[in-house]
Structures are given as structure tokens and as C-alpha cells.
Amino acid sequence: MRQLLKPFKPLYFNELRNAALPSLAVALLTLLVTYACVGNVLARHAARLNPETDVAAVLRDLWVWNIPYYVCLSCLILPAYAFLSERKKGGFAVFKRFPTPTATVCLAKFSAILTLIVATSVFFAVSSFALDLYFGDAAFTTLFAQFYDQSPPLSALRFVAYLFCAVELFCWSAFWGSRTRRVAVAVLATGASTFAGWIFTGFVVCLVLLPGRPDLAETLRHAPVPVLFAFFWIFAYGSSIVVALKGFGLVRLAVLAIPLYGIYRQCRRQGTATAFDRPT
């Protein structure tokens with residue numbers, strides 16, 4: 001254990017410095033996605049329903065939604081970037097000179113990424129108090145409003161769903177980041193693998209639910225585009241945390257065991273020269 005933790009501290013702080021700029025880029029991407037895409041759609045929809053809608057209030061409600069969006073995007077991009085940028089700059093070649101265990105390298109990278117994710121998420125939560133101060137409301141108004149009947153509502157259950165999806169993205173990103181040569185390929189493979197896991201889970205759930213729910217089977221059969229409708233129906237069930245609460249989370253965990261086992265096997269290979277020695 002001491003051999004594993006001895007080089008951890010310098011690697012951890014070095015990884016913090018290396019991942020800080022990409023984490024900031026992901027945070028800016030999150031703001032762009034939240035306000036340019038989601039905020040624009042919700043504001044237009046609210047204005048159509050009620051011309052007197054306060055668009056600023058709608059956009060204010062979205063501030064805390066930056067947290068789950070940022071966490072998911074970070075878990076998708078940062079682990080893959082951490083491994084591939086190290087290979088690109090020749091960092092693993094430097095490790096050949098030192099008896100650095102592979103597990104220590106992985107632990108330092110994962111710890112630094114999780115630290116940045118938690119710190120940025122706390123920033124979004126704490127900065128919501130500034131909005132309360134600006135609008136003259138009581139503290140925690142913006143933060144707690146998301147857990148009530150708002151648009152969109154951020155219930156505790158849905159927040160757990162986002163967190164579970166983030167774990168899946170994180171594991172697949174780390175898995176592909178240590179096995180591919182390009183960040184774009186790793187990110188695409190991560191998204192495809194996670195999506196395939198949701199589809200598989202949804203397919204298993206629908207096989208169980210449809211025999212006992214003739215109304216669902218009838219809906220799928222007479223849908224305008226049956227295959228497409230069934231695809232998104234299965235996807236919704238696969239990615240929903242409600243499925244996990246009904247016991248089908250075991251299917252998602254079984255799929256998640258694939259990248260987890262791959263990461264475990266990677267960490268078992270002593271020496272970064274053997275574990276990450278792939279040409280750029």
C-alpha cells in the first residue's frame with residue numbers, strides 16, 4: 001500500500017494542473033448547452049403558453065441544472081483526455097524510469113478529475129446564492145426551487161438518475177481512454193457504449209413489461225413509426241433510474257461490470273510501460 005501511495009501526491013497535483021483547463025472548457029460548454037439550447041427552447045415554449053412569462057426567471061431556474069449537465073459532460077470527456085494527453089506528451093514514457101504502479105497512475109488521475117468535478121459543482125450551487133441576492137429572494141430559493149414543481153423539475157430521483165449515468169460515462173471513458181489513441185474516438189466510443197447499455201437494459205425491461213401490459217404492446221404496434229418509437233421507448237426505460245428501482249438496475253450494473261473489469265485488469269498490470277505503452 002505504501003508503494004502505491006508514495007508517488008500519489010505529486011501525480012495528483014500534477015494531474016490537477018493538467019486537467020484544470022479542460023475542466024474549465026467543459027464548464028463553458030455546459031453553459032453553452034444549457035442556455036443556448038435548453039434555455040432557448042424552454043423560454044420559447046413558456047412564452048408561447050403565456051406571453052407575460054418572465055424569461056429571466058425561466059433562465060434563472062436553469063442555473064442549478066448546470067450541475068448534472070457539467071458532471072455528465074466531464075465524466076464523458078475528462079477521463080479519456082487524462083489518459084490520451086499523457087500518452088501524447090510522452091508522460092508514460094517518463095514513468096518507465098521509475099517504479100510507478102499502474103494503479104497509482106489511475107488513482108491519481110481519477111482523484112484529480114473527481115476533485116475538479118466536485119469543486120465546479122459546488123461553485124454552481126454556491127453561486128446560486130448570488131442570484132437570490134440579486135433578485136431579493138431568500139437564500140436557497142434558486143437551489144431548492146429545482147426540487148419542486150418547476151420547469152424542468154429537478155427531483156431528487158432524477159438527480160440520482162443523472163448521477164448514475166455519470167458513473168457509467170466515467171467508467172466507459174476511463175476504459176476507452178486507456179485503450180485508444182485519439183480523444184475523439186474515445187469520447188465517441190464512450191457515448192456508444194453507454195447508449196448500448198441503456199438500449200440493452202430497456203430491451204430486457206420491455207421483454208418483461210410488455211407481456212403483462214397489452215396497452216404498451218398495442219401502442220408500439222400502431223405507432224406512426226413503430227421501430228423508431230420502440231427504439232426511443234426502450235432507450236427511455238434503459239436510461240431511467242426508475243428501472244433501477246424496480247430491480248432492473250442489476251442489468252445496468254452487469255453491463256457496467258465490463259469497463260470496471262477492464263479498469264481493474266489495467267491496474268493489475270504493474271508498470272505504466274506495460275499498461276499504457278501504445279503509440280500515438
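Author: Happy to! Axes here are lines fitted to C-alpha atoms, for helices over the stretch in contact, and angles run from 0 to 180 degrees between N-to-C directions. Helices (H or I, at least four residues) and strands (E, at least two) are DSSP runs, numbered from the N terminus. This is a predicted model, in which local features need pLDDT of at least 70 and side-chain atom pairs count only at pLDDT 80 or more, while totals for chains, interfaces and linings use all residues. Residues are numbered from 1 along each chain as its sequence is written, and side-chain values use heavy atoms, with hydrogens and water left out.

Now to the pair itself. The axes of α4 and α6 come within 10 Å and cross at roughly 155°. Angles over 145 degrees count as roughly antiparallel, and α4 and α6 are therefore roughly antiparallel to each other. Their crossing is right-handed, a term used if the near helix is turned clockwise from the far one by less than a right angle.

Contact means heavy atoms within 4.5 Å. On the α4 side, the residues that meet α6 include N66, Y70, V71, C75, L78 and F83; among their partners in α6 are C106, F110, I113, I117, S121 and F124. Leaving aside residues up to four places away in sequence, V71 touches I117, S121 and A166.

That brings us to the core. A nonpolar core is a set of buried Ala, Val, Leu, Ile, Met, Phe, Trp, Tyr and Cys residues joined through side-chain atoms within 4.5 Å; buried means under 20% relative accessible area, exposed over 50%, partly exposed in between (1.4 Å probe, protein chains only). The largest such core has 30 residues, and Y70, V71, C75 and F110 have the most contacts inside it. At least two of its residues come from each of α2 (8–49), α4 (66–88), α6 (102–135), α8 (156–177) and α12 (241–268), with α4 giving the largest share, 9 residues.

Helix α2 also holds F13, which is partly exposed, with a relative accessible area of 40%.

As for the setting, the protein chain has 13 helices and 0 strands. Buried residues make up 43% of its 280 residues. Of the contacts between residues at least 6 apart in sequence, 79% join residues at least 24 apart.

Terms used:
Angles under 35 degrees count as roughly parallel, over 145 as roughly antiparallel, 65 to 115 as roughly perpendicular and the rest as oblique.
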